[in-house]
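Trainee: I'd like to go through this entry and ask what stands behind each label. Could you hold every value up against its cut-off for me?

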Protein chains: 2
Amino acid sequence: MSRFAPAVAKLITELGRLPGIGGKTAQRLAFHLLSVPEPQALNLARAITEAREKVRMCSQCCNLTESDPCDICAASARDRTMVCVVENPRDVAAIERMREYNGLYHVLHGVLSPSEGIGPEKIRLQELIRRLQNHAEIEEVILAMNPSVEGEATALYLARLLKPSGLKTTRPAHGIPMGGDLEYADEITLSRAFSGRSRI
Amino acid sequence: MSRFAPAVAKLITELGRLPGIGGKTAQRLAFHLLSVPEPQALNLARAITEAREKVRMCSQCCNLTESDPCDICAASARDRTMVCVVENPRDVAAIERMREYNGLYHVLHGVLSPSEGIGPEKIRLQELIRRLQNHAEIEEVILAMNPSVEGEATALYLARLLKPSGLKTTRPAHGIPMGGDLEYADEITLSRAFSGRSRI
């Protein structure tokens, strides 16, 4: 029993499909889009259409890009002996912001999750294996999945898969975040911090 | 220093312009729109464009509509002696959900807010005054603005403006919400509830 004009109701429905956007928020966003100057609303529509038109996957690292190979894979200054495997393109952006890692990436677009029916064939694992076979210059694979249950499981799965190849496989350290308080760290983080302790 | 493809960065920027959508959420939404099947993403783009094309203001009540006059103004079954003045189209939808009010509406599209430079000429007040002058059948004006400082001020302003006309002006009751707890009601709500008390 919608009391909105059909085009408004449709817009609310489509906005409500976005993750984390509930019914009330969708309404608020819809009326915002109807109240701002028309070009601003149409800019969003155009940005969606253009992004879907232009953005594709890099044939080497599976990151989202407009050019193939992507800027990172094409950059001659990058260290081609290292590949950092991440869950999604946002992770690439986060690591790039650090400005310290100079190797290449591989974006899996997901993690293994048997409970959600996501097996090795649903993520970009095959592409990674093929890439490691074809590029003898790669020496180290950094498994930088998130420290969630699925992320850990995916890292373990990959580590086991890569063992016969003799490649160095590493995982970023887990521990107490900088500026964090021991008192407020959860048990698992604390346990990781202790088992991963190093001499000073 | 964006590490996203230009079309992705543009999409994130446009999503970030939406109210309540911060940088991280905009990123999450952008990558969601890039990962869902293409038609779903394009549906949202189309819904925005179509809503802006089709939706206009009803020439009588200023509500958003695709037909002019809107369905409510055009309905012969509605009580034309009452006009309920609200801040925005979502309020119309909320009151319609109640299924008890059968009069007409007038949507102001805002409230008076001197601090934000919103004077009487910035909201649909002139349209309301003209409508009340031209429609002698209107007997009661319900001032249903939100009980915020600006809403109250707008209601008072309108009540004073309408006084010479002899129209009955009313305001919905404020008080303790049903199911609410006296203990947790704020002082202003409680004071309103007491001053507005009625015999049982």
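Mentor: Let's start with a definition: a salt bridge is a side-chain nitrogen of Lys or Arg within 4 Å of a carboxyl oxygen of Asp or Glu. Keep in mind that this is a predicted model, where local features need pLDDT of at least 70, side-chain atom pairs count only at pLDDT 80 or more, and totals for chains, interfaces and linings use all residues. Residues are numbered from 1 along each chain as its sequence is written, chains are lettered from A and ligands numbered from 1 in the order in which they are written, and side-chain values use heavy atoms, with hydrogens and water left out.

Trainee: What makes R124(B) and E127(B) a salt bridge?

Mentor: Their closest N and O atoms are 3.1 Å apart, and the rule asks for within 4 Å. Side chains of opposite charge can pair when their charged atoms come close. By this rule the count comes to 16 salt bridges over all chains.

Trainee: Why are R124(B) and E127(B) called partly exposed?

Mentor: Buried means under 20% relative accessible area and exposed means over 50%, with partly exposed in between (1.4 Å probe, protein chains only). R124(B) is at 30% and E127(B) at 22%, so both land in the in-between class.

Trainee: Which parts of chain A does the salt bridge between R171(A) and E152(A) tie together?

Mentor: That pair meets at 2.9 Å, N to O. R171(A) lies in the loop between β6 (168–170) and α8, and E152(A) in helix α7 (residues 149–162), so the pair ties together parts that are 19 residues apart in sequence.

Trainee: What makes R78(B) buried?

Mentor: Its relative accessible area is 10%, and buried is under 20%. R78(B) is placed in the loop between α4 (71–74) and β3 (82–86) of chain B. Leaving aside neighbours within four places in sequence, its contacts (heavy atoms within 4.5 Å) include E96(B), Y101(B) and Y105(B).

Trainee: How do you know that the buried residues of α1(B) line one face of the helix?

Mentor: Helix α1 (residues 6–16) of chain B has A7(B), V8(B), L11(B), I12(B), E14(B) and L15(B) buried. Seen down the axis, they fall within an arc of 165°, so they line one face. The arc is that of the directions from the helix axis to the C-beta atoms. Their cover includes α3 (38–54) of chain A together with α2 (23–35) of chain B.

How values were computed
Helices (H or I, at least four residues) and strands (E, at least two) are DSSP runs, numbered from the N terminus.
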